[in-house]
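Student: I would like a close look at a single part of this model, taken slowly and with the cut-offs spelled out.

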Amino acid sequence: MMRPRLAVCSRCLARSRLFSSTSFQAERAQKAPAPPEAGYSRLTNRGLISITGADTVTFLQGLITQNMLVTNDPNRSVRRTGSYTAFLNSQGRILNDAFIYPLPNADGNDIEREWLVEVDKDQVPVLLKHLKKHKLRAKLKLRALEDGERTVWSSWKNHTQPPWAAYNLESDTASPFSMSSNVVGCIDSRAPGFGSRLVTPGPEDLRSHFPEEPQVAGSEVDLDSYTVRRILHGVAEGQTEIIRESALPMETNMDMGRAIDFRKGCYVGQELTIRTHHTGVVRKRILPVQFYTEELASGTGPVYDPSANLPLPPSGSNISKAGGRRGRSAGKFLNGVGNIGLAMCRLEMMTDIALTGEGTQYTPGSEFKVAWTPETEQPVEVKLRAFVPPWTKEFIMSGGARKPAPRNTDIDGERARDLVEQLEEEEAQQRQAE
């Protein structure tokens with residue numbers, strides 16, 4: 001007699017990592033070596049989607065937070081560089097974080113240019129479905145690239161930018177590399193000096209494409225080392241850390257990572273994004289955290305210890321204040337390696353950043369914890385501390401992506417309120433029309 005097959009919903013499958021045992025997580029964490037000062041990593045966890053056709057630029061312009069056109073260009077020229085971006089749903093929540101790259105076009109035709117969209121590999125079919133839903137009668141073709149057809153890389157050399165860092169939107173070519181190389185890339189703008197994103201044809205090693213050029217430094221390292229470096233910089237990536245249909249762009253530091261053009265026209269999810277930008281206060285952000293059990297050494301940033309044997313909490317675990325009565329959640333743990341991780345933190349509870357005149361609830365010496373009960377095991381509890389990278393703090397304290405002119409505060413507030421009312425009226429009219 002055949003046993004009936006259990007039905008599992010797609011949302012449960014997406015969260016399958018929640019059920020992984022702490023012992024397996026700890027064992028994997030101990031094997032992740034510290035990242036070198038310079039190196040490059042093959043990002044086998046990322047996939048690519050090809051979009052070609054006459055309507056590609058217009059199609060992407062209405063779906064992503066980045067501008068497909070050169071900003072402030074009266075000729076409305078198509079951008080010629082890759083960039084970090086995001087796809088949102090109609091409520092302004094992130095569907096996928098992504099990089100987009102224009103492939104070199106020998107005939108110089110920007111309209112017929114092929115674009116590559118990079119997302120988490122397991123999200124490729126999900127994003128393809130989203131793109132096809134919005135395709136309608138647009139003249140374009142969508143295709144998921146096969147494994148080995150192209151390879152995504154991260155390349156870095158600490159505290160330096162590659163020689164083509166000054167490459168700008170007004171360049172005459174679609175790539176800072178030679179037209180014959182068929183290599184595309186962009187500066188990874190999610191953190192200062194974080195490195196470069198590169199996409200090469202075929203599965204060959206990155207150095208085979210740059211045998212004598214200075215774009216690549218160091219040697220190849222495992223994906224886990226890249227993950228450690230990313231966490232130390234407070235950079236979230238993929239829907240394991242940027243929770244699909246839950247996270248807001250500003251909460252995941254996309255404004256700081258230059259993934260959003262607040263001056264472009266309409267796109268899916270733009271209403272809430274622009275409203276938060278002009279009138280809201282971003283009270284939560286993704287920050288790097290460090291775990292400890294006894295006493296945490298003082299410092300300005302997390303310190304990765306490959307030999308640390310600490311259990312990792314399940315993704316989505318609540319962070320609470322240690323030693324006090326149970327109250328409001330201070331944040332949520334997202335992902336980690338060894339004794340470090342990323343968490344969505346309430347800034348005024350877990351850091352000394354004051355966002356409003358009301359001050360902050362944080363006091364020096366405050367401790368925070370994550371407690372959970374694994375299946376068939378005893379309850380587990382670890383303490384953690386959130387760190388605000390200096391560039392993140394500078395960005396927040398300077399007003400974020402907003403660069404307000406020296407105008408009267410009351411006038412600014414009045415204009416902001418007018419914008420909110422206008423957006424609400426447009427939403428009401430849209431609901432009535434439907």
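Student: Which residues of the largest nonpolar core touch the most other members?

Tutor: This is a predicted model, in which local features need pLDDT of at least 70 and side-chain atom pairs count only at pLDDT 80 or more, while totals for chains, interfaces and linings use all residues. Residues are numbered from 1 along each chain as its sequence is written, and side-chain values use heavy atoms, with hydrogens and water left out. A nonpolar core is a set of buried Ala, Val, Leu, Ile, Met, Phe, Trp, Tyr and Cys residues joined through side-chain atoms within 4.5 Å, where buried means under 20% relative accessible area, exposed over 50% and partly exposed in between (1.4 Å probe, protein chains only). The largest such core has 42 residues, and those touching the most other members are Tyr101, Leu116, Val199, Ile242, Met254 and Ile260. Among the elements that each supply at least two residues of this core are strand E3 (83–88), strand E4 (94–102), helix H5 (223–232) and strand E14 (340–346); helices (H or I, at least four residues) and strands (E, at least two) are DSSP runs, numbered from the N terminus. Taking Met254 on its own, and leaving aside its neighbours within four places in sequence, its contacts (heavy atoms within 4.5 Å) are Tyr84, Thr85, Ala86, Ile94, Asp97, Ile242, Pro249, Ala259 and Ile260. A second, separate core of 25 residues includes Val57, Phe87, Leu95 and Val119. Turning to the backbone, Glu245, a residue other than glycine, has a positive phi near 60 degrees; Glu245 is placed in the loop between H5 and helix H6 (270–279) and, at 46% relative accessibility, counts as partly exposed.
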